[in-house]
Amino acid sequence: MAVETKPWITSEHLDDEAAMAAYIKAAFEDGDPAAITRARGHAAKGRGMSRVAQETGLSCESLDRALSGEGTPAFATVLSIMKSLGLRLSAEPVGKTPAAG
């Protein structure tokens with residue numbers, strides 16, 4: 001008997017801020033800009049692209065372009081998208097100790 005499978009659609013599993021935050025944080029830890037952009041795009045699809053577009057003031061086309069990995073959105077756009085997802089960017093040390101002076 002064959003096992004029936006279905007495609008994994010990441011955005012369907014990003015149904016709350018905690019899941020989105022963990023997913024996007026993992027992409028940031030990977031350090032690949034394309035992975036970060038894809039993660040934000042999956043989270044936006046999970047939230048609802050029309051909703052994110054409305055909350056950010058972007059057209060659906062502009063939002064698609066900002067999340068496509070092909071464009072280079074302004075930092076303000078990135079922050080606006082993150083805010084719409086119920087998230088914020090933060091900085092933390094990478095674990096390197098500064099040289100003694």
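Trainee: What is the mean pLDDT of the chain?
Mentor: The mean pLDDT (the predictor's confidence in each residue, from 0 to 100) is 91, and 94% of the residues reach 70 or more. This is a predicted model, in which local features need pLDDT of at least 70, side-chain atom pairs count only at pLDDT 80 or more, and totals for chains, interfaces and linings use all residues. Residues are numbered from 1 along each chain as its sequence is written, and side-chain values use heavy atoms, with hydrogens and water left out.

Trainee: Next, the helices. At what angle do H1 and H2 cross?
Mentor: Helix H1 (residues 17-30) and helix H2 (residues 33-47) cross at roughly 170 degrees, and their axes come within 8 Å. Helices are DSSP runs (H or I, at least four residues), numbered from the N terminus. Axes are lines fitted to C-alpha atoms over the stretch in contact, and angles run from 0 to 180 degrees between N-to-C directions.

Trainee: So how are H1 and H2 oriented to each other?
Mentor: H1 and H2 are therefore roughly antiparallel, a term for angles over 145 degrees.

Trainee: Which residues make the contact?
Mentor: Contact means heavy atoms within 4.5 Å. Among the residues making it are Met20, Tyr23 and Ile24 of H1, and Ala35, Ile36 and Ala39 of H2.

Trainee: Changing topic, where is confidence lowest and where is it highest?
Mentor: Confidence is lowest in helix H4 (residues 60-66), at a mean of 93, and highest in helix H3 (residues 49-56), at 96.

Trainee: Which helix gives the largest share of the lining of the largest pocket?
Mentor: H1 does, with five residues.

Note on methods:
Helices (H or I, at least four residues) and strands (E, at least two) are DSSP runs, numbered from the N terminus. Angles under 35 degrees count as roughly parallel, over 145 as roughly antiparallel, 65 to 115 as roughly perpendicular and the rest as oblique.
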